There are 2 protein chains.
Amino acid sequence: MTDASSLSALAAAAAIRDGELTSEQLVSDCLAAIDAREDTLHAWAHLDPDQALAEARSRDTEPSRGPLHGVPVGVKDLIDTADLPTRYGSSIHADHQPEVSAVAVTRLHRAGAVIIGKTVTTEFAVFTPGPTTHPLDPARTPGGSSSGSAAAVAAGTIPLALGTQTAGSVVRPASFCGIFGGKPTYGAIPTAGVKLCSTTLDHVGAFGRDAADVAVALGVMAEDPDRFRPTDLGDQPRIGFCRTPWWDELEPATRSLLEAAATSLARIADVVEVELPPEFAGLVSAQEIIMGVEVSRSLAWERQLHGDQLSDQLRTYLDAGESLAERYDDATALAERCRAQLPAVFAATPALLAPSVLGEPPPIATTGDPLLCRAWTLLGTPTVSVPGLTGPSGLPVGAQVIAAPDDDGTALTAAALIAPALAAVTSPPPSGSTTP
Amino acid sequence: MTDASSLSALAAAAAIRDGELTSEQLVSDCLAAIDAREDTLHAWAHLDPDQALAEARSRDTEPSRGPLHGVPVGVKDLIDTADLPTRYGSSIHADHQPEVSAVAVTRLHRAGAVIIGKTVTTEFAVFTPGPTTHPLDPARTPGGSSSGSAAAVAAGTIPLALGTQTAGSVVRPASFCGIFGGKPTYGAIPTAGVKLCSTTLDHVGAFGRDAADVAVALGVMAEDPDRFRPTDLGDQPRIGFCRTPWWDELEPATRSLLEAAATSLARIADVVEVELPPEFAGLVSAQEIIMGVEVSRSLAWERQLHGDQLSDQLRTYLDAGESLAERYDDATALAERCRAQLPAVFAATPALLAPSVLGEPPPIATTGDPLLCRAWTLLGTPTVSVPGLTGPSGLPVGAQVIAAPDDDGTALTAAALIAPALAAVTSPPPSGSTTP
């Protein structure tokens, strides 16, 4: 039979349910696919094939537990797992074995998923990269901080993986890797058992090659599948094209791609231009302040007792974050005012299409800039990265779909609707080349 | 020299600073005092005298780290400590040794405190009691969930201890034990490293025999001593006497005590009656719903994998909590509306005096009813239990002082001001006795 690692999560779950595939075979195929790529990809922080296969075999002997029965899921190594070590991307926690699994992991397990291993995160999900490379170009970053999860799914080695987003750590790597990556409305998935970065910004999210896979994973982790089900957007639905106040920061080729995407989308949707209220321009700075202050607090123990094991970059970031404390209240007040304006933003259109990354994935020294994700993370809107666009070097450039808080189903439905329109856009010529 | 265990935290810190006392001597005296009471009190979940003394000796060889240098602090066993086991009051975690200390503990340590041991909590800080008894009557509860911390401080064995409050777990035991116990404005002290009960209700608080001790501990843990410094309430300050919508639930003797307290207070303050807006009556039910839903989610791993090790009472509570999910949004909306009315409540008076417990500590089968604390916890106001009143059986009956959010210094200053007025109230005759 063909290699099952390329199946979507839902297709694999259906094949297992119908007796056409065992979880053991699926996990075995995924492990082989991982093995073939890992020397270059470096997506995994911990992988124990025997343990994963044993877990799969027990799924095969049980009645179905739920919609992901037998399906392997990679878990970002920022998220606690009681059966697998969890190192938060830091040597400080090199020997850490959590006692308790995160709520999100517990719920996936209850829905039948096989936790196949732990994927690479940046250092404490902040900016210092791990070893993971981009599946299409090992000299480029897959994005971060959920680097390993995005790369493993994009490389076709596993169908589904978990990430977390505090600035842009789900949407950015999904956009760079050319897959779907979604985070729900703030608070919809408990963050208990996720190493705390930012008390008011952390979200759990998921990566898949299908929007429906992301939807089912988020639904399981939120214990609220209804919230993530497809919504009826009608024929020729209205989609807002939102250049955002940060449009001028985009690489020119990305602006062209987004404009072409809006034109392409206009064949199947009623595309209207949406301009955000002026105050929204301040949300990027506000998110930086809130995150800086909160992360510097959350890592108090590591800073005080093991500061020498933090990267210089992170130590500098934490010191800077602490110094932002007096601007914290203004930042949260701005976020509150902008959240109050969201009903007006979404009054005329159920979903927005907006840029998610400045351009193609940059070289591996960084994980790219989360600039375009910061405002939506702070607002707590459901946000889904949509693949389909291709940049001048032939690498993915995602876009993001945003819906109103609690309207997660709309964001996922619109993402699935929009993806083919993005894929229909012709990529621009490589930079530096001349048109004959 | 006299037994140093009876010193307040600030007096002990001053004596250490001035070279009149060593941390080793202080900790040694506290350990002796603990030893003399522990057979009956059962306040400690973990105590390692050698480790505590070694820690004290290293304080004695260091320059002063901060305002609590050398002072022993008991830490509720719901709060992670990297050097001491942390069991959350449950056999599920009997062998649990956290890798990382909570932010609050890390900050106390940085300020020079000696973490002397872990104090008994109810099971996961919910309602199933631990073994701790009331310092004045072993047949009664010291209150909960921070049972061991309150009892250890009230018994005069240590000067300072940490608690947490999700419903009434700091204020209630402080009121039953006749000491000061305060929780700050919601969010002022990071809860990272505290076993999560309720994502939107958990607060870290502190117990002391002096209001100033509580203030310094909260200031250290918030890394914001200014917020907790005494405020100038002026001569004859205005204090609101607030019977609350739950006045009829109080035992008659407690109503008499509170009325007498208001009369006594009127000698030094301008006491005005304050009635809460009508909507506030719904806050108790709203807090119960939010806590029930959130706690049932937070303990997902324990419920799913170790449900047989939960008490029947907790299992029933968690199942019931889950069933409240559809009322959650209405409950949070009510809380938001009431929070918006707090500026009006505190417009005429900087602080309120209100009941905190229904009466004297009940028998040991329960930890008492948090009814009168629920609304203030949900509102996120700073709240301090004030000792001084004595019930018909001769046992303490606290009251609580509440200030507006972010006005923590006012709550603590008012608590210190009010305590002597409460102590001047004559206790009512024992119930059942007749006045000649």
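Author: A residue is buried if 20 or more other C-beta atoms lie within 10 Å of its own, exposed if 12 or fewer do, and partly exposed in between, with C-beta atoms placed from the backbone. This is a predicted model, in which local features need pLDDT of at least 70 and side-chain atom pairs count only at pLDDT 80 or more, while totals for chains, interfaces and linings use all residues. Residues are numbered from 1 along each chain as its sequence is written, and chains are lettered from A and ligands numbered from 1 in the order in which they are written.

Reader: Is Tyr88(A) buried or exposed?

Author: Tyr88(A) lies in the loop between strand 2 (72-76) and helix 4 (103-110) of chain A, where helices (H or I, at least four residues) and strands (E, at least two) are DSSP runs numbered from the N terminus. Although Tyr88(A) is not a glycine, its phi is positive, about 55 degrees. Because 25 other C-beta atoms are within 10 Å, Tyr88(A) counts as buried.

Reader: What is the phi of His42(A), which is not a glycine?

Author: His42(A) belongs to the loop between helix 2 (23-41) and strand 1 (44-47) of chain A, and it counts as partly exposed because it has 18 C-beta neighbours inside 10 Å. Most residues other than glycine have a negative phi. His42(A), however, has a positive phi of about 50 degrees.

Reader: At what angle do the axes of helix 10 and helix 13 of chain A cross?

Author: Axes are lines fitted to C-alpha atoms, for helices over the stretch in contact, and angles run from 0 to 180 degrees between N-to-C directions. The axes of helix 10 (residues 283-298) and helix 13 (residues 328-340) of chain A come within 9 Å, and they cross at roughly 130 degrees.

Reader: What is the radius of gyration of chain A?

Author: The C-alpha atoms of chain A fill a box of roughly 55 × 55 × 45 Å along the principal axes, and 62% of its 436 residues count as buried. The radius of gyration is taken over C-alpha atoms, and the globule rule is 2.2 Å times the number of residues to the power 0.38. A compact globule of 436 residues would therefore have a value near 22 Å, which agrees with that of chain A, 20 Å.
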